[in-house]
Amino acid sequence: MSEAVRTMMRMDAEAAQEIATQADAGFLWDFWYPAVRSTEIRGQKLVTAMLLEVPLVLGRTAEGKAFAMRDSCPHRGIPLSYGRLDGNVVECCYHGWRYDACSGQCVEIPSLTSQDKLKVERIFAGHYPCEERDGYVWVYMNATGSKLPETIPTVPALSVFSDKYKMIHLDCELPSHVDQGIIGLMDPAHGPFVHQSWFWRKRASIHEKAKQFEPIPNGFRMSPHQPSSNSAPYRLLAKMTGETVTTTIDFVLPNLRTEIDRSVKLWFSSRATVTPVRRDLCRIDFVAAWNLPVPVAIFRPFAKKFLRQDQETMIQQSEGLKYNPRLMLIDDADRQAKWYFALKANLLESRRTGESMVHPMDGPVTLRWRS
Ligand code: FES
Ligand SMILES: [Fe+2]
């Protein structure tokens with residue numbers, strides 16, 4: 001068997017394994033996911049991360065361009081992160097094979113003699129499109145790890161509405177499948193129980209709400225509305241401007257929840273993404289920007305506490321989920337969760353058939369719940 005054939009067989013096996021992984025882990029491939037914060041990759045450091053159960057090694061070339069490779073040497077599988085970064089090249093620690101960090105292409109195999117015919121440039125380490133935005137290094141997780149479609153979508157960007165603004169980043173890990181993390185994010189009924197506090201909700205303040213939703217590509221929008229009177233942050237924004245506040249909340253596949261609050265010139269914009277790390281672990285990355293006269297040092301502890309409350313609840317939930325209980329989604333409080341599952345299923349179906357994706361909503365709907 002020729003070297004080339006052997007290499008091909010290995011690549012097919014890898015692709016097949018990846019496709020099998022997709023089938024049972026419930027991940028959505030072919031999307032951008034935030035891997036690490038931009039500040040984590042500096043100098044000649046190699047940093048590891050895991051997305052969708054794919055081990056990654058990330059770094060920055062001599063020119064400052066972020067790159068993401070599969071953390072596995074194509075020679076014998078040792079993690080490339082044990083090697084070193086030398087300018088634009090990652091060198092494996094085992095036999096010193098060297099790879100261009102951005103393309104994954106092998107550029108040198110030190111053991112080869114002048115007699116050897118092996119075409120070094122035909123060997124590639126797994127690598128993924130990688131871009132920085134909003135302080136994150138995003139990685140496009142394409143299903144086969146090498147063959148990219150002609151065009152890939154642009155990296156999601158946080159909406160901002162003025163030149164100057166403040167910004168924070170927070171994250172927390174949840175010991176659950178990404179689906180549980182996502183439906184936790186869009187769940188209106190847990191607020192008064194999980195986020196009970198003077199600045200957000202009191203249990204006694206529960207009242208009936210009606211919110212209008214509309215379909216948007218790959219997701220749904222809580223139509224622009226005046227936010228709930230029982231939340232202090234919104235009351236603050238209204239007080240500062242003396243005008244009404246308008247809130248728009250979107251959810252878009254695979255994992256993005258964005259919220260924009262605006263009142264005249266003041267605005268607050270946030271995004272939470274829930275990113276699958278492994279099938280039993282996901283991570284919330286929360287980024288917010290605003291031009292309200294509220295210092296980061298004031299906002300941070302509130303946001304942290306909020307996230308911590310969600311995290312603690314989901315740690316408790318994961319105890320129960322270990323035993324595969326039957327679960328319920330009820331109307332209308334869990335309708336958004338139902339839409340999420342339907343969007344996901346319909347997207348996978350459209351990818352399978354090549355037909356255009358059917359949206360689970362056929363028009364605007366009003367949902368009612370008490371929270
Ligand atoms: S395992 Fe990387 S060079 Fe051999
Ligand atoms: Fe929450």
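Mentor: Some ground rules before we start. In this predicted model, local features need pLDDT of at least 70 and side-chain atom pairs count only at pLDDT 80 or more, while totals for chains, interfaces and linings use all residues; side-chain values use heavy atoms, without hydrogens and water. Residues are numbered from 1 along each chain as its sequence is written, and chains are lettered from A and ligands numbered from 1 in the order in which they are written.

Trainee: What makes Asp250 and Arg221 a salt bridge?

Mentor: A salt bridge needs a side-chain nitrogen of Lys or Arg within 4 Å of a carboxyl oxygen of Asp or Glu. The closest N and O atoms of Asp250 and Arg221 are 2.7 Å apart, so the pair qualifies. This pair links distant parts of the chain, with Asp250 in strand E15 (residues 246–252) and Arg221 in strand E14 (residues 219–225), 29 residues apart. Strands here are DSSP runs of at least two residues, numbered from the N terminus. By the salt-bridge rule, the count comes to 18.

Trainee: Why is Asp250 called buried, and why is Arg221 called partly exposed?

Mentor: Buried means under 20% relative accessible area, exposed means over 50%, and partly exposed lies in between (1.4 Å probe, protein chains only). Asp250 has 13%, so it counts as buried. Arg221 has 26%, so Arg221 counts as partly exposed.

Trainee: Which residues are joined into one network by salt bridges that share partners?

Mentor: Arg84, Asp86, Glu91, Arg98 and Glu108. Among the pairs, Glu91 and Arg84 have their closest N and O atoms 3.3 Å apart, and Glu108 meets Arg98 at 3.5 Å. Glu108 sits in strand E8 (residues 106–108) and Arg98 in strand E7 (residues 98–100), ten residues apart. Arg98, at 15%, counts as buried, whereas Glu108, at 36%, is partly exposed.

Trainee: How do you know which atoms coordinate the iron ion (ligand 2)?

Mentor: Donors are N, O and S atoms within 2.8 Å of the metal (3.2 Å for Na, K and Ca); water is not among the atoms, so sites may look incomplete. His190 (NE2), His195 (NE2) and two OD atoms of Asp310 lie at 2.0 to 2.6 Å.

Trainee: Why is the arrangement around the iron ion (ligand 2) called irregular?

Mentor: Four donors count as tetrahedral if all angles lie between 85 and 135 degrees; four count as square planar and six as octahedral if opposite donors are over 155 degrees apart and all others between 65 and 115; anything else is irregular. Here the four donor atoms subtend angles of 55 to 149°, so the arrangement is irregular.

How values were computed:
Helix = DSSP H or I, 4+ residues; strand = E, 2+ residues; numbered from the N terminus.
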